[in-house]
Amino acid sequence: MRAPGFSDTIYVMKRSRALKPLSSEHHQALLVSFQLKKGLAGHSESAGAPKDLPGLVALARRFEEQILRPHCRAEEELLGRYLTETDMRRLRGEHAELQRLLDAARGVGPAEQRTLLTAFADLLERHIRWEERDLFPYAELHVDEAALATIGGELEKRLVLARSETKSARR
Ligand SMILES: [Fe+2]
């Protein structure tokens, strides 16, 4: 069976406007996962990603700090109360595991770093697919329009703020 390419991982989603900021970050997450996998496999064509291990670790960390961390917090805080207990447990558990894998990749040898980054890229892709295919459709069915609009407004604010904080912290 042919390994799926990045184009296969982007699906057409009919996403409510409110959740679009999160969905567009999911696309970025899938790209990072794809780049990490290609880079780790030593592919010459790695979608613009670095091919050396330190470069890949840096790519994953940058993504985690700038996008993933505020993204996960926003999902848990804004969508959490509308989800089932089981889904909420999975959401929190996978967010924490993604963070743990990257934290563990600090200060270990290259072999272990490869293992941890591979696990991070795999879980990231699985997690995003689950959110897009199951979790968000569920939320869209169970959250009324007015609440969705409130969530959407809050998301815009938070994600814009998170971006500008990251920028000023890097100055
Ligand atoms: Fe997400």
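The lining of the largest pocket splits into 5 nonpolar, 1 polar and 5 charged residues (Ala, Val, Leu, Ile, Met, Phe, Trp, Tyr, Cys and Pro count as nonpolar, Asp, Glu, Lys and Arg as charged, and the others, Gly among them, as polar). This is a predicted model, in which local features need pLDDT of at least 70 and side-chain atom pairs count only at pLDDT 80 or more, while totals for chains, interfaces and linings use all residues. Residues are numbered from 1 along each chain as its sequence is written, and side-chain values use heavy atoms, with hydrogens and water left out.

Of the 11 lining residues, P70, R73, R158, A162 and E165 sit nearest the pocket centre. A pocket here is an open set of points on a 1 Å grid over the protein atoms alone where a 1.4 Å probe fits, with protein on both sides within 12 Å along at least five of seven lines; lining residues have an atom within 4 Å of a point. Helix 6 (145–170) gives the most to this lining, with 6 residues (helices are DSSP runs of H or I, at least four residues, numbered from the N terminus).

Helix 3 also supplies at least two lining residues. It is mostly covered, with 19 of its 27 residues buried (under 20% relative accessible area, 1.4 Å probe, protein chains only), and a kink of about 45 degrees is centred on E64 (the angle between axes fitted to the seven residues ending there and the seven starting there).

As for L117, its contacts (heavy atoms within 4.5 Å) include L36, L56 and L102, not counting residues up to four places away in sequence.

How values were computed: Buried means under 20% relative accessible area, exposed over 50%, partly exposed in between (1.4 Å probe, protein chains only).
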